[in-house]
Amino acid sequence: MAPPSPLAIATQAVNRLVKEESYYHKEQANQEKRIKKLAGDIANNSPDLDSNAEYILKQERRSLEETKAMFEPLRKRIVDAVDKLEEQIAISESDGTGSEEELKKAKEALEAGQKIATEEEAAQERHEEL
């Protein structure tokens with residue numbers, strides 16, 4: 001079996017990073033849900049509470065902050081991977097080395113990665129305005 005082409009490798013990298021970012025979003029939503037429920041239980045003095053609920057809440061909040069901190073470096077890696085994929089697509093199209101199917105997959109991955117990269121640029125612009 002032939003080794004994967006540079007185009008296939010770049011495509012897989014973008015797909016993996018996009019998938020990783022979606023997992024972090026799901027994890028963030030789950031953590032926020034758990035924090036909201038636990039904070040509500042604490043506020044209502046729920047009888048089901050563990051004796052160290054305050055500590056658990058603190059740990060959940062810390063975990064949420066760690067998850068949020070993952071987005072910026074991950075998006076930078078996505079931007080870099082998208083740039084590399086764009087180069088590989090251009091090289092494959094110019095020298096005709098990429099198959100139609102491989103180029104199609106690469107362009108789909110590029111579109112997904114660019115969407116995230118565009119969101120990152122918009123977030124940076126909002127941050128700079130503040």
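**Helix packing and buried positions**

At 17% relative accessibility, Glu60 counts as buried. This is a predicted model.

User: Which residues is Glu60 in contact with, leaving aside its neighbours within four places in sequence?

Analyst: Glu60 has its place in helix α2. Its relative accessibility of 17% is under the 20% cut-off, so Glu60 counts as buried. Leaving aside neighbours within four places in sequence, its contacts are Arg34 and Ile35.

User: At what angle do α1 and α2 pack, and are they roughly parallel or antiparallel?

Analyst: Helix α1 covers residues 6-43 and helix α2 covers residues 53-69, and their axes lie 10 Å apart. The packing angle is about 155 degrees. Angles over 145 degrees count as roughly antiparallel, and α1 and α2 are therefore roughly antiparallel to each other.

User: Which residues of α2 meet α1, and what is the hand of the crossing?

Analyst: On the α1 side, the residues include Tyr24, Gln28, Gln31, Arg34, Ile35, Leu38 and Ile42. From α2 they meet Ala53, Glu54, Ile56, Leu57, Glu60, Arg61, Ser63, Leu64, Thr67 and Lys68. By class, this contact of α1 with α2 has nine nonpolar, four polar and seven charged residues. The crossing in which α1 passes α2 is left-handed.

User: How far does α1 reach from its first C-alpha to its last?

Analyst: α1 has 38 residues. At 1.5 Å a residue, 56 Å is expected. The reach in the model is close to that, at 55 Å.

User: How do α2 and α3 lie relative to each other, roughly parallel or roughly antiparallel?

Analyst: The axes of α2 and α3 are 5 Å apart, and the angle between the two helices is about 20 degrees. Angles under 35 degrees count as roughly parallel. α2 and α3 are therefore roughly parallel.

User: Which residues of α3 make the contact with α2?

Analyst: α2 contributes Thr67, Lys68 and Ala69. By class, the contact of α2 with α3 has three nonpolar, one polar and two charged residues. The α3 residues are Phe71, Glu72 and Pro73.

User: How do the residues in the contact of α1 with α3 divide by class?

Analyst: α1 and α3 pack at about 155 degrees, with axes 9 Å apart. That angle makes α1 roughly antiparallel to α3. Their crossing is left-handed. The residues of this contact divide into 14 nonpolar, five polar and five charged.

User: What distance separates the end C-alpha atoms of α3?

Analyst: α3 has 25 residues, which at 1.5 Å a residue should span 36 Å. The distance between its end C-alpha atoms agrees with this, at 36 Å.

User: How far is the C-alpha atom of Leu74 from that of Val18?

Analyst: Leu74 has its place in α3, residues 71-95, and at 1% relative accessibility Leu74 counts as buried. Beyond its neighbours within four places in sequence, Leu74 is in contact with Leu17, Glu20, Glu21 and Tyr24. Leu74 and Val18 are 56 residues apart along the chain, and their C-alpha atoms are separated by 9.1 Å.

Methods
Residues are numbered from 1 along each chain as its sequence is written. This is a predicted model: local features need pLDDT of at least 70, side-chain atom pairs count only at pLDDT 80 or more; totals for chains, interfaces and linings use all residues. Side-chain values use heavy atoms; hydrogens and water are left out. Axes are lines fitted to C-alpha atoms, for helices over the stretch in contact, and angles run from 0 to 180 degrees between N-to-C directions. Helices (H or I, at least four residues) and strands (E, at least two) are DSSP runs, numbered from the N terminus. Angles under 35 degrees count as roughly parallel, over 145 as roughly antiparallel, 65 to 115 as roughly perpendicular and the rest as oblique. A crossing is left-handed if the near helix is turned anticlockwise from the far one by less than a right angle, and right-handed if clockwise. Contact means heavy atoms within 4.5 Å. Ala, Val, Leu, Ile, Met, Phe, Trp, Tyr, Cys and Pro count as nonpolar, Asp, Glu, Lys and Arg as charged, and the others, Gly among them, as polar. Buried means under 20% relative accessible area, exposed over 50%, partly exposed in between (1.4 Å probe, protein chains only). The expected span of a helix is 1.5 Å times one less than its number of residues.
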